[in-house]
Protein chains: 2
Amino acid sequence: MSRIASGNTIAEAASLIGDAARANMLSALMGGQALTAGELARHAGVTAQTTSGHLGKLTEAQLITVEKQGRHRYYRLASPDVAQAIHALMAIAASGPKRYHPIGPKDEALRLARTCYDHMAGRLAVALVDALIGKSYVMLADGAGLVTDEGRRFFCDFGIDLGEVTRSRRPLCRTCLDWSERRPHLAGRLGAALLDRTLALGWISRTAESRALRIMRAGEAGFSNTFDLPPDWRKIT
Amino acid sequence: MSRIASGNTIAEAASLIGDAARANMLSALMGGQALTAGELARHAGVTAQTTSGHLGKLTEAQLITVEKQGRHRYYRLASPDVAQAIHALMAIAASGPKRYHPIGPKDEALRLARTCYDHMAGRLAVALVDALIGKSYVMLADGAGLVTDEGRRFFCDFGIDLGEVTRSRRPLCRTCLDWSERRPHLAGRLGAALLDRTLALGWISRTAESRALRIMRAGEAGFSNTFDLPPDWRKIT
DNA sequence: AGAATGTTTCGTTACTGGCCGAACTATTGA
DNA sequence: TCAATAGTTCGGCCAGTAACGAAACATTCT
């Protein structure tokens, strides 16, 4: 009865995500990087033909966008909204009925540090936000985040200018529930800037075929010193 | 490859929502009230048998919960996480490729004021949050919300005690993007409390078969006076 | 030019999953 | 006890769609 813009059309969006192959592709794109059709095919575990069809549908529905470059086609998530939706689905999938699910070594790397669309997630991200709160650089008043004046200065020193972004539509500091740690970590513009900056500093680096982040030697020291992480931050909480 | 807890299982969750009938049921449950199987069947526009099957699946996946009461079964969303996910899907569905979509009179009522899981949405909700920001009772610093000390006192006078909820897991003040207004409105505990309180005051009342809220005579005056709404708040922005 | 790689289109097949009719169980009320 | 209402289970029908092979198109490299 009360159909309006919701009812029917959310089903279309959801069923688009609700296919194993497409879900795998979208999950891969949650890494934040643009991927080619071939890479996505490998991620999804289906042939190139099948992938092409899927990507066509996702593009038409504006869940992803394409960019032609030579003989490659680079796909990426169309908007933070899409990332948000996939994220929310991850959350309810993780909290659903528990099922046998072995943890492999690759999983372990993902749990330690990975990208989540455009910011960090995993134990590193959770440890960072804890440290930032401890130093009163950010406040997570019941889940909503704000940067303090002290924090602004700190981030400025660290090479992240927050001054210009005050009046942006995009949340400066959002929280994002970590599906592996079940705790919030930093998202929003600040989260994205933090990822960019630490990548630029060479503290972390992206890995080839996975969303996992590698923590470099410079990062080991950098994170610990700059953010005062506790020595046992790698421990599972 | 990098399957972990995500890839596969988000597809299950999404495909569960990705059916027109089930999506309609879930949308109906976004009203926040528990509904019987029969009511949900009418919302979805399918027979009782079909509905039963759908509800079974949704329950098993823990997207909704059941409560037996006499010969009725009351269904409700299992958690705020689920509401969040559906909400996110509504957002991307609304921002997708535009399509012919007539606006009926019932839609108009929904756009004016409705429930969104456990808080208000629509033009009323947007007008309220604007007013609260104008009076410096809440701050929506780039999308993340905080209640000021002044605001705490105001809400306390209004009959909403925010003192006790300081250290709760649930965000006190979250924003939730309004799909009809395309602007944020109040969610979280504050949003929920505001809905409860104004319902208790008789300013608004739920309607029978829809998520629309009726604004009562007492509410007309109450909202305008207490929150200083502009006289033209019903106007489309 | 010819070969190799990346991607799409077409046509076919096979399967999943939604839907309903009919029959069955449970609760309430006369 | 019988009738009415709410909900579930079973079985069969049907449509939508994901999958792949084959072949075409596009781009780059040699």
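**Exercise 1.** Find how many residues surround DNA strand C, and name the closest.

*Solution.* In this predicted model, 21 residues surround DNA strand C, and the closest are Thr36(A), Gly38(A), Gln49(A), Ser52(A) and Gly70(B); a residue is near a strand if its C-beta atom, placed from the backbone, lies within 6 Å of it. Next, the elements that give two or more residues to this surface are α3 (37–44), α4 and β3 (72–77) of chain A, together with α2 (20–29) and α4 of chain B, where helices (H or I, at least four residues) and strands (E, at least two) are DSSP runs numbered from the N terminus. The largest share, six residues, comes from α4(A).

Residues are numbered from 1 along each chain as its sequence is written, while chains are lettered from A and ligands numbered from 1 in the order in which they are written. Local features need pLDDT of at least 70 and side-chain atom pairs count only at pLDDT 80 or more, whereas totals for chains, interfaces and linings use all residues.

**Exercise 2.** Determine which element gives the most to the surface near DNA strand D, and divide that surface by class.

*Solution.* Begin with the residues around DNA strand D, which number 21, the closest being Gly70(A), Thr36(B), Gly38(B), Gln49(B) and Ser52(B). Among the elements that give two or more residues are α2 (20–29) of chain A and β3 (72–77) of chain B, but α4(B) gives the most, with six residues. By class, the surface has six nonpolar, eleven polar and four charged residues; Ala, Val, Leu, Ile, Met, Phe, Trp, Tyr, Cys and Pro count as nonpolar, Asp, Glu, Lys and Arg as charged, and the others, Gly among them, as polar.
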